[in-house]
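Dear colleague,

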Amino acid sequence: MGIAIAIQDAHHTQVELITRYDSDALVDMISSAPSGSLIDCIHLYADTMYNSHQLKFLLDELSNSNYELDREKEVTSILRRAAESAIRQRGYLWFSGD
């Protein structure tokens, strides 16, 4: 199982597809996230998309996270960079579960 992560611009054009990250770590993060958090709302088997406004809250969640494992810290860093890129473009962060 994996989750594809794509950064889209304001017109939903894919700007970047993020493929080099530990998707198992992301699945673990989703599974252990507090109920109702934006991380928790990433669907493992379907599409989830966050707009620029929502991504600001995702960045807050990531900043306040207490991930201890290096692989989770790495995924957090990748998600932060992707969210910041999408925000700069007034775009979207798209997660596609399989």
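Predicted model: local features only at pLDDT ≥ 70, side-chain atom pairs only at ≥ 80, totals over all residues.

Residues are numbered from 1 along each chain as its sequence is written, and side-chain values use heavy atoms, with hydrogens and water left out.

Salt bridges

A search of the whole structure gives four salt bridges, the term being used for a side-chain nitrogen of Lys or Arg within 4 Å of a carboxyl oxygen of Asp or Glu. One of them pairs E16 with R81, whose closest N and O atoms are 3.2 Å apart. This pair links distant parts of the chain, since E16 sits in strand β2 (residues 14-18) and R81 in helix α3 (residues 70-88), 65 residues apart; helices (H or I, at least four residues) and strands (E, at least two) are DSSP runs, numbered from the N terminus. E16 is partly exposed, at a relative accessible area of 30%, and R81 is likewise partly exposed, at 38%, where buried means under 20% relative accessible area, exposed over 50% and partly exposed in between, with a 1.4 Å probe and protein chains only.

Another salt bridge joins D28 to R71, with the closest N and O atoms 2.2 Å apart. D28 belongs to helix α1 and R71 to helix α3, so this pair ties together parts that are 43 residues apart in sequence. Both count as partly exposed, D28 at 34% relative accessibility and R71 at 28%.

Within helix α3, R80 and E84 lie four residues apart, about one turn of the helix, and they form a salt bridge whose closest N and O atoms are 3.5 Å apart. R80 is partly exposed at 26% relative accessibility, as is E84 at 32%. Salt bridges that share partners also join D22, D28 and R71 into one network.

Nonpolar core

A nonpolar core is taken here as a set of buried Ala, Val, Leu, Ile, Met, Phe, Trp, Tyr and Cys residues joined through side-chain atoms within 4.5 Å. The largest has 29 residues, of which I3, L79 and L93 touch the most other members. Two or more residues of this core come from each of β1 (3-8), α1, α2, α3 and β4 (92-97), and α3 gives the largest share, six residues.

Largest pocket

The largest pocket holds about 160 Å³ of space. On a 1 Å grid over the protein atoms alone, a pocket is an open set of points where a 1.4 Å probe fits, with protein on both sides within 12 Å along at least five of seven lines, and lining residues have an atom within 4 Å of a point. Grid points are joined across faces, edges and corners, and the volume is the space filled by probe spheres set on the points.

Its lining is made up of M29, S32, A33, P34, S37, I39, E61, L62, N64, S65, N66 and Y67, and α1 (23-32) and α2 (52-63) each supply at least two of the lining residues. By class, the lining has six nonpolar, five polar and one charged residues, with Ala, Val, Leu, Ile, Met, Phe, Trp, Tyr, Cys and Pro counted as nonpolar, Asp, Glu, Lys and Arg as charged, and the others, Gly among them, as polar.

One of the lining residues, S37, lies in the loop between α1 and β3 (47-51) and is buried, at a relative accessible area of 10%. A polar atom of the S37 side chain lies 3.1 Å from the backbone nitrogen of D40.

Single residues

H12, in the loop between β1 and β2, has a phi near 65°, a positive value in a residue other than glycine, and is partly exposed at 41% relative accessibility. R90, in the loop between α3 and β4, also has a positive phi, near 55°, and is not a glycine; R90 is exposed, at a relative accessible area of 67%.

Finally, F57 lies in helix α2 and counts as partly exposed at 45% relative accessibility. F57 and A83 are 26 residues apart in sequence and 10 Å apart in space, C-alpha to C-alpha.

With kind regards

Key: Polar contact = N/O pair within 3.5 Å; in protein donor to acceptor, adjacent residues only side chain to side chain.
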